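I opened the model today to look up how its chains are built and where they meet. My notes follow in the order in which I went through it.

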Amino acid sequence: MLSYILRRLLIAIPTILLIVVLSFLIITAAPGGPFDAQEGGDIDPEIIANLRAAYNLDKPISTQLFLYMKGLVTGDLGPSFAFRGRSVSEIIANGFPVSAQLGLSAIGVGLVIGMLFGVFAAMRKNTAADYAVMSLSMTGIAVPTFVTAPFLALIFGLYLKLLPIAGWGDGALRNMILPVTALALPKIGVIARITRGAMLEVSRANHIRTARSKGLPESIVIWRHTLRAALIPIVSYLGPAIAGVMTGSVIIEQIFGLPGIGRSFVEGALNRDYPVVMGITILYATLIIVLNLITDLIYRVLDPRIRKD
Amino acid sequence: MTGASPTVSLEMAARAAGRSPWQDAWRRFKRNRAAMVSIGVIVVLALSSILVPALSSRAIEDVHWDYLTIAPSLADGFWFGTDVNGRDLFVRTFYAGRISLAIGVLATGVALIIGVIYGAVAGYVGGWVGNVMMRFCDVLYALPTLFFIVILVTVLGAKNILFVFMCIGAVEWLTMARIVRGQTLSVRQKEYIEAARAIGLPTRIILRRYIIPNVIGPVIVYVTLLIPVNILIESYLSFLGLGVQEPMTSWGLLISQGAAELENAPWMILFPATFLTLTLFCFNFIGDGLRDALDPKDY
């Protein structure tokens, strides 16, 4: 097990390096630079030249890449071009907790409700109740978050005046409810569908028939035996999904005015604030790799057959 | 067992006449009512998106000064109402449908071409070349889709729909490549490929004539499911102001404008959101139907 983890971590290093180089090259290949807006204006060209020199933009790409990598090793993601005096690490340190809290809550809600829906539908396969739950899930998947979010804000914020329509409020529950709901709806849909499909697939397996024939109560057959085997596809969905929501839902943060890193990312991309874009991309890639590793480790716990290799 | 029932003898007759796996799949697909209805809805939506803006007396950019932010009304002739600039939302919603559907389909086309070629080559050539090609895919997988597209779009300074769909397609081909490679690897072991190689056919022809037709089933399913994903990505981009730009419009852009006026003019978001959701629904149903039809394991 330990050697497996070590091996996976060793593969992860070149992967992350490649991502750094790749995204660095794409970004620097772009026509135009971060100080284009100032150029041609009233500002002395000399000042622009000094600015470019201060951020090493006058050096060849290979040197820039080398300097960036050197900083990365020590955990320095460089300065932000757009927000003078703030480092990318600071921006991420401020925004990431917001995005992570939001995203993990949404995944948690999605997991609990989605699995309940899925098990419910699977137990009543091909009945009206099954179709109703599955249509509801499909609705959750098909209605985009940027449609549900404004409507939630309109109904619960403006008409009923129950909840704040925007703002973070230091992560107060009141402020979390609407964005988490909007984020969780599609997750509920996907998880319910995966759970139902996996439960039905597993319910035909021999060990489930054995469990039934030795007289176990139906509740134990469902919750302990069927659901446990059905967890594998859910876990494989969760890995990338968690990385996705933790790095911030760009749309949700935009609509509800939340200070997460999803918003920093879009602003960074629009302002040509490359270090911010790079920093968040690297964070996401690292999260994906770590979560994929955790996912594979959980597989081994859930499925004894995989453990053997 | 004497005397087969009429249905059984019909089945046997059909088998005697020779029914291809595709005909079988089509029969299974036709039985799926949700998928069949969805195809009808998509066809109607596509046709009306082409015809309504073409036949309407109003253009999408026409400003009606006396009818700013009018709620939908049959009397005024503004069936979907107007926006804050007094533009007719009926024409705009259908015109937006053109753009959204076109970008969804074209981006999927780009992803299809890249993914199928890449996956087929990686699977067919195999060995270390194939492995390196798939490792490269794994690396790209660790890049967030939406992030990657946002970078591409801003880097390329994409302000027209040509770039938007190319960027989406250039990012969304990875899963396609994986599917095609997996299928290719399994087909490659088959005797008929060995026979084709034995008679000296060049790799190019083996790929085109024997491998690609045999991996097409899962690809069709994935394509149908990728179209709604790409339509959604386009609307995300437009919602963020990175996609389709005025005076052109798409469902995402209309929804974004509607979200800004939600309090005063809820109809502005209602119609494009309904159309977008309906489209996503239908493509998902068609994809599910195709999967059930092309993958008879479940029956």
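**Domains of chain A.** I began with the division of chain A, which consists of domain 1 (2-71) and domain 2 (88-306), the bounds coming from an automatic or database domain assignment. Before going further I noted that this is a predicted model, in which local features need pLDDT of at least 70 and side-chain atom pairs count only at pLDDT 80 or more, while totals for chains, interfaces and linings use all residues. Residues are numbered from 1 along each chain as its sequence is written, and chains are lettered from A and ligands numbered from 1 in the order in which they are written.

I looked up the separation of the two domains of chain A and found 33 Å between their C-alpha centres. Twelve residues of domain 1 of chain A are in contact with eleven residues of domain 2 of chain A, where contact requires C-beta atoms, placed from the backbone, to lie within 7 Å. On the domain 1 side of chain A, the touching residues comprise seven nonpolar, four polar and one charged; here Ala, Val, Leu, Ile, Met, Phe, Trp, Tyr, Cys and Pro count as nonpolar, Asp, Glu, Lys and Arg as charged, and the others, Gly among them, as polar.

**Confidence in chain A.** I checked pLDDT, the predictor's confidence in each residue from 0 to 100, and found that chain A averages 81, with 92% of the residues scoring at least 70. In chain A the mean is highest in helix α4 (residues 88-123), at 89, and lowest in helix α13 (residues 304-307), at 66. I keep in mind that where pLDDT is low, the predicted coordinates should not be read in detail.

**Make-up of the chains.** I counted 13 helices and zero strands in chain A, and twelve helices and zero strands in chain B; these are DSSP runs, H or I over at least four residues for helices and E over at least two for strands, numbered from the N terminus. The C-alpha trace of chain A spans about 85 × 60 × 30 Å along its principal axes.

I then looked up burial, for which a residue is buried if 20 or more other C-beta atoms, placed from the backbone, lie within 10 Å of its own, exposed if 12 or fewer, and partly exposed in between. Of the 309 residues of chain A, 35% count as buried, and of the 299 residues of chain B, 43% do. Among contacts in chain A with a separation of 6 or more, 73% are between residues 24 or more positions apart; for chain B, 69% of the contacts between residues at least 6 apart in sequence join residues at least 24 apart.

**Where chains A and B meet.** How many residues does the contact take from each chain? I found 33 residues from chain A and 27 residues from chain B. Among the elements of chain A that each supply at least two residues to this side are α1 (2-28), α6 (145-159) and α12 (274-302). The side of chain A that touches chain B has 27 nonpolar, six polar and no charged residues.

**The two α11 helices.** In chain A, eight of the ten residues of helix α11 (residues 261-270) are buried, so this helix is largely enclosed by the rest of the structure; the buried ones include A:Arg263, A:Phe265 and A:Val266. After α11(A) comes A:Arg272, with a positive phi near 60 degrees.

In chain B, helix α11 (residues 251-260) has nine of its ten residues buried, among them B:Trp251, B:Ile255 and B:Gln257. The cover over the buried residues of α11(B) includes α6 of chain A, as well as α4, α10 (203-239) and α12 (267-294) of chain B.

**Single residues.** I looked up A:Ile26, which lies in helix α1 of chain A and is partly exposed, with 18 other C-beta atoms within 10 Å. Its C-alpha atom is separated by 40 Å from that of A:Val301, 275 residues apart along the chain.

Is A:Asn126 buried or exposed? I found that A:Asn126 counts as exposed, with 9 C-beta neighbours inside 10 Å, and that its place is in the loop between α4 and α5 of chain A. The phi of A:Asn126 is positive, near 60 degrees, and I set beside this that most residues other than glycine have a negative phi.

Notes: Two residues are in contact if their C-beta atoms, placed from the backbone, lie within 7 Å.
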